[in-house]
Amino acid sequence: MYRITNPGASRLFYEALGLEFRRDMDIVRDGEREATNYFFGVPGQDEELELTYNHDGRTYELGTGYGHIALAVDDLDATLERLAGQGIEPERAPYRVREGGSRLCFVQDPDGYRVELIERS
């Protein structure tokens with residue numbers, strides 16, 4: 001689960017990465033809509049990413065105590081070219097962690113969360 005500040009921008013970002021929007025769910029307390037959860041997933045897989053938008057306008061510090069999500073892609077260069085057309089650029093050029101390993105890079109969502117893109121080998 002990631003806390004987000006702009007549901008529309010986040011939805012565009014995660015759909016650009018190939019995730020499908022599955023549903024949203026309002027959280028209501030004392031008759032007031034407190035938050036909305038948005039659920040995304042990789043087509044054909046059950047796992048979901050939950051994005052939470054709190055309606056009270058508060059801001060969040062990302063900190064360093066969170067993990068990141070990773071998505072496998074068939075062709076990293078083609079994926080990055082497609083994303084660049086939507087204004088999404090990698091933090092740095094694709095690289096390999098070790099010789100013979102998969103190529104990877106990171107992109108950031110609208111709130112600064114890092115998403116790892118790993119080329120299938």
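Pro90 has a relative accessible area of 25%, so Pro90 counts as partly exposed; buried means under 20% relative accessible area, exposed over 50%, and partly exposed in between, with a 1.4 Å probe and protein chains only. The model is predicted: local features need pLDDT of at least 70, side-chain atom pairs count only at pLDDT 80 or more, and totals for chains, interfaces and linings use all residues. Residues are numbered from 1 along each chain as its sequence is written, and side-chain values use heavy atoms, with hydrogens and water left out.

Pro90 is found in the loop between H2 and E6. Helices (H or I, at least four residues) and strands (E, at least two) are DSSP runs, numbered from the N terminus. Not counting residues up to four places away in sequence, Pro90 touches Leu80, Cys105, Phe106 and Val107; contact means heavy atoms within 4.5 Å. Pro90 and Val107 are 17 residues apart along the chain, and 4.6 Å separates their C-alpha atoms.

Next come the sheets. Two strands pair if DSSP finds at least two bridges between them. E5 and strand E8 (residues 114-119) run parallel and are joined by five bridges, and Leu71 stands opposite Leu117 in E8.

Another open sheet is formed by four strands in the order E1-E4-E3-E2, and its pairing is mixed. E1 and E2 are the edge strands with a single partner strand each, so one side of each is left without a neighbour in the sheet. From one strand to the next, the twist averages 25°. Nine bridges pair E2 with E3 in the antiparallel sense, and Ile27 stands opposite Ala35 in E3.

Which residues touch the most other members of the largest nonpolar core? Of its 23 residues, they are Tyr14, Leu17, Leu51, Val115 and Leu117. A nonpolar core is a set of buried Ala, Val, Leu, Ile, Met, Phe, Trp, Tyr and Cys residues joined through side-chain atoms within 4.5 Å. Leaving aside neighbours within four places in sequence, Val115 is in contact with residues including Phe13, Tyr14, Leu17, Ile69 and Leu71.

Aromatic rings are the last topic. Rings of Phe, Tyr and Trp (its six-membered ring) pair if their centres lie within 6.5 Å; planes under 30 degrees apart count as stacked, over 60 as edge-to-face and the rest as tilted. The count comes to four aromatic pairs. The rings of Tyr2 and Tyr113 are stacked, because their centres are 3.9 Å apart and their planes are at 0°. Tyr2 is in strand E1 and Tyr113 in the loop between E7 and E8, 111 residues apart. Both Tyr2 and Tyr113 are buried. Phe21 and Phe40 form an edge-to-face pair, with 5.4 Å centre to centre and 65° between the planes. Phe21 is partly exposed at 24% relative accessibility, whereas Phe40 is buried at 2%. Ring pairs link Phe13, Tyr14, Phe21 and Phe40 into a cluster.

How values were computed. Axes are lines fitted to C-alpha atoms, for helices over the stretch in contact, and angles run from 0 to 180 degrees between N-to-C directions.
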